[in-house]
Amino acid sequence: MVVNDVIPLAVVLLSVTVAAIIFPLPQRLNRLRSAVNLAGAVVKLALVVLLVPPVVTEGARPEFAVPFLPTGTGDPISLVLRVDPLALFFAGLSAVLWLLTTVYAIGYLRGTAYQSRFFGFFSLCVAATVGISFSGNLITFLVFYELLTLVTYPLVAHWGDEKSLKAARLYMRYALGGGVAVLVGVVWLTMEAGPADFAEGGAADVAEFASHSPTAAVIIFALLVGGLGVKSALVPLHSWLPAAMVAPAPVSALLHAVAVVKAGVFGIVRVVDDVYGIEVAWDLGVLTPLLVVASVTVIYGSYQALRQTEIKRRLAFSTVSQVSYVVLGVTMFSMAGTAGGVAHLVHQGIMKITLFFCAGLFAESMGAHKISDLRGAGQRMPWTSAAFTVGAFGMIGLPPTAGFISKWQLGLGALESPHPWVLVVLVVSSLLNAAYFLPVVYTLWFGDQHDAAFTSGHEPRLLLVPALCTAGFTLIVGLGASLPFSPLEISRLIAEGVFS
Amino acid sequence: MTFTQFSLGALALLPLLAAALTMLLPHPVRRALGVLVALLVAGFTAPVLGSVTSGELTELVLGGFDAPLGIHLRGDGLAAVFLGVTSLVGVVVTGYAAVLPKSTGAHLSATSWVTSHPGFWPLWLGCWSGLNAVYLSGDLFNLYVSLELVGLTAVALVAVGGQSAWEPALRYLFIAVLGSLMFLAGVGLLAAVTGTLDLHQTRSQLDELEDPTLPLLALTLITVGLAMKVALLPMHRWLVPAHSAAPSAVSPILSGVVIKAALVVLLRCWLWALPAVPGMQWLAWLLGGLGVAAVLVGSVLALRQDRLKPLVAYSTVAQIGYWFVAFPLLLHGEHDGAPLGSGAYNGLVALAAGHAIAKAGLFTAAGFLKDRCGTDKMSALRGAGAHHPVLILAMGMCAVGLLGLPISLGFTGKWQLATAAVGAEQWWVLLVVAAGTLLSAAYLLRGIAPLLLQAEVPENAPAAGPVRGRERLGEIAVLIFGVATIGTGLLGAWLGDLLEVGAWW
């Protein structure tokens with residue numbers, strides 16, 4: 001198992017290396033840059049796939065550790081990269097979507113300036129995401145979490161105009177504020193209960209600490225989740241997300257589907273399930289308030305999405321709402337709910353990235369930014385419109401998409417859980433989802449031809465293929481939900497670990 | 001005498017000899033010699049770092065006269081850390097100054113001002129010699145002499161910046177001399193009581209002393225004098241004009257390492273020379289309070305600057321605050337068997353070392369932009385990033401260190417400071433760290449973000465030209481600082497081991 005132990009480090013370093021190669025490349029070497037990017041993405045995907053059999057079927061936990069912070073006495077705190085099923089799950093998502101987004105971004109940014117900078121930070125962003133997924137303790141998580149904040153700043157500010165910089169500044173303010181809260185929480189917890197290695201079912205030291213000083217444990221939980229809630233856009237900490245829509249489309253796609261927002265949610269899952277442990281968290285009484293916040297976010301996000309007339313802003317608020325399903329799942333305190341929440345981590349990623357890919361295509365080819373601009377797009381851009389429709393149906397939760405599986409599983413979980421009222425939240429939210437996505441789909445296919453000057457409607461292949469792939473995944477994952485190694489099956493495995 | 005012992009002596013004396021030698025040489029030769037000496041000093045630092053890593057304390061008694069008479073050099077953990085940092089900063093800045101001579105100031109030739117100043121070389125090498133001697137000195141008198149050497153050369157280094165730098169240099173001179181006098185008075189008091197100047201002997205003598213008033217008075221004098229030299233708020237007013245008016249190659253030295261020399265002396269006096277005397281806590285709390293004020297006020301003042309170099313200088317004022325916030329924790333006892341004082345001390349040293357590298361980088365970058373564009377007004381630098389992508393990237397990396405985000409020594413330091421504070425149940429420290437981080441993010445973003453604006457690069461601005469030739473090397477210097485800021489973040493555990501060697505506890 002020695003080889004496997006090196007893979008987590010290799011995956012992180014791979015993206016860093018790609019960034020280091022790309023940064024100094026002159027603008028004109030487009031082919032070389034694309035080749036390096038794609039090669040990195042493919043190799044990374046291969047490495048992650050290599051980890052699947054040992055981790056999922058053999059139960060191995062490849063681990064790499066390096067001493068990082070001195071503690072004064074005894075062993076220093078280490079940076080730990082460890083692969084458990086949840087880590088692999090998230091890393092797999094990022095590996096697949098990174099490859100597709102790279103293809104998309106190469107097509108999207110063709111001919112624009114500062115591509116080396118863009119792709120350099122893009123790779124660093126992925127390195128940070130992989131680091132987050134493989135983190136074996138809270139300190140390692142914190143390191144990569146802050147790194148992610150830093151490297152996404154230049155991506156959000158990429159266009160370099162006043163508006164982008166303003167949005168990037170807002171993002172930075174929120175993210176750093178959240179980061180400081182997490183830092184304080186981690187420092188405090190480390191001082192009380194040691195470095196808090198992630199463990200399925202919760203860390204033993206944390207459980208012991210929570211039993212003798214519950215108040216401090218609750219405050220620390222609030223600090224951690226409050227800080228993580230900024231990135232995962234829990235209401236009322238969500239305002240940066242719609243503003244960050246000024247970023248180039250592939251960045252928005254990545255931010256919403258795998259990187260920033262997901263990192264926040266993933267962190268919440270880690271804190272609830274692997275640091276505190278669901279039983280301890282339940283005993284502390286911190287799950288129900290979080291469940292209520294998540295419910296409010298789900299409904300409020302959908303309501304705001306309904307009010308938007310711009311495509312990207314509607315999608316942004318939809319993300320606010322959809323990502324909180326994950327929190328909903330892990331806090332409702334039932335095994336089926338946890339499985340549904342964790343599965344939605346992946347499901348939401350592939351569906352939302354489809355929608356963003358399509359939104360970028362519409363904007364590029366037809367200049368369409370508002371929903372009303374999409375009239376008749378179905379005839380001019382049939383493939384894009386079809387992919388968008390699949391994504392939208394997924395968001396609503398219609399069978400046979402991945403979204404249906406998530407909602408079904410979450411619904412089951414709600415009935416099993418001590419909070420059956422969550423079912424109402426799911427139904428109301430689905431109705432709202434339908435109310436803001438169906439009109440868009442209707443406009444696409446049945447709206448009158450838009451008679452304005454946007455006539456081209458060309459569908460560039462580099463942009464279209466990734467969108468079709470993710471739309472295909474949405475269907476495959478939905479249809480094959482009970483096959484081995486499907487996201488749902490792996491999340492069930494993870495949920496069993498949580499409740500063991 | 002082993003090679004490591006020889007290195008100790010060479011570190012203190014080689015730059016001084018070279019400084020004397022450069023005065024006799026023409027300017028181009030000075031540059032070559034400067035680079036050579038810088039590399040040699042870095043070479044001599046390596047064995048000291050190596051022996052401290054293996055847990056050995058290297059000592060050298062010059063001329064065979066033992067304490068209290070002779071000159072006694074001690075290469076312990078604290079010395080090793082700062083020797084290492086100073087070598088890094090020194091080598092890079094020396095290279096920068098050699099490649100871009102206009103960064104060394106301006107001098108009057110016949111009737112007109114010429115950029116570049118040959119006086120930079122002897123002054124800088126002399127300063128470096130003083131810095132190394134400060135780190136290595138094992139007795140109070142040598143600390144005083146070396147600190148004086150550092151202070152006076154630093155003042156002169158500011159003054160080589162040309163006419164506009166003379167007034168700030170003069171203010172700096174007053175403060176430096178006043179601080180030194182107070183320090184000397186404190187040392188004199190101690191020597192009168194103990195009859196020795198050696199740090200260890202002073203401590204053991206004072207341990208036997210019944211009456212704590214005299215050591216306390218001496219410590220107060222020493223602390224106030226050194227706090228002036230470190231520029232702890234409210235004694236910070238000299239720093240901003242001096243550090244921002246200094247030439248581009250000097251500001252990084254001043255902000256990066258010169259103020260650390262006074263900090264090291266302060267630590268030597270507080271932790272090595274004096275035992276815990278009653279009343280010391282009050283002084284520590286006072287310093288802690290001033291530290292908090294410095295973090296907050298310095299950051300807010302940095303936010304209000306409209307020029308880049310003063311912004312970076314105020315950032316130094318704010319960062320100095322963190323070091324003093326650690327002082328009340330230094331005297332704390334234990335928590336669950338872990339000595340809190342050592343945690344706070346480790347944090348303080350990590351913060352100071354991280355600051356040295358990151359701030360040297362940021363000041364080099366600011367000076368580089370000022371030299372290229374003729375101004376450091378932020379409104380005039382808008383869009384400068386278009387032609388300096390490497391520089392902006394490097395500035396961003398340095399900013400990570402100053403923010404105290406991972407991975408950097410700044411983060412390691414904050415982490416240790418925060419854990420020590422939680423252990424001592426001093427929750428206010430967490431608040432200060434949090435507020436300081438957010439404020440520093442605000443001012444650093446204010447300084448760096450306008451450079452990223454792409455829409456409005458003024459056509460005829462000097463910044464509009466791409467970087468070519470030698471200036472490219474100047475950018476590389478900043479990049480080295482940036483990479484080092486991030487890279488040293490992985491050395492936190494090693495730093496903790498180093499500081500164990502010859503520690504006061």
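The crossing of α2(A) and α3(A) is left-handed, meaning that the near helix is turned anticlockwise from the far one by less than a right angle; clockwise would be right-handed. Helices here are DSSP runs of H or I, at least four residues, and strands are runs of E, at least two, numbered from the N terminus.

This is a predicted model, in which local features need pLDDT of at least 70, side-chain atom pairs count only at pLDDT 80 or more, and totals for chains, interfaces and linings use all residues. Residues are numbered from 1 along each chain as its sequence is written, with chains lettered from A and ligands numbered from 1 in the order written.

Back to the pair. The axes of α2 (residues 30-57) and α3 (residues 85-108) of chain A come within 9 Å and cross at roughly 160°; axes are lines fitted to C-alpha atoms over the stretch in contact, with angles from 0 to 180 degrees between N-to-C directions. The two helices are therefore roughly antiparallel, a label for angles over 145 degrees. Among the residues in contact are A:L45 and A:V48 of α2(A) and A:W98 and A:L99 of α3(A); contact means C-beta atoms, placed from the backbone, within 7 Å.

Now the chains. The contact takes 28 residues from chain A and 31 residues from chain B. On the chain A side, α6(A) gives the most, with eleven residues.

Last, the record. An unreviewed UniProt entry lists residues 135-432 of chain A as "domain: NADH:quinone oxidoreductase/Mrp antiporter transmembrane"; such annotations may be inferred rather than shown by experiment. Over residues 135-432 of chain A, the chain is 79% helix and 0% strand.

Technical notes: Two residues are in contact if their C-beta atoms, placed from the backbone, lie within 7 Å. Angles under 35 degrees count as roughly parallel, over 145 as roughly antiparallel, 65 to 115 as roughly perpendicular and the rest as oblique.
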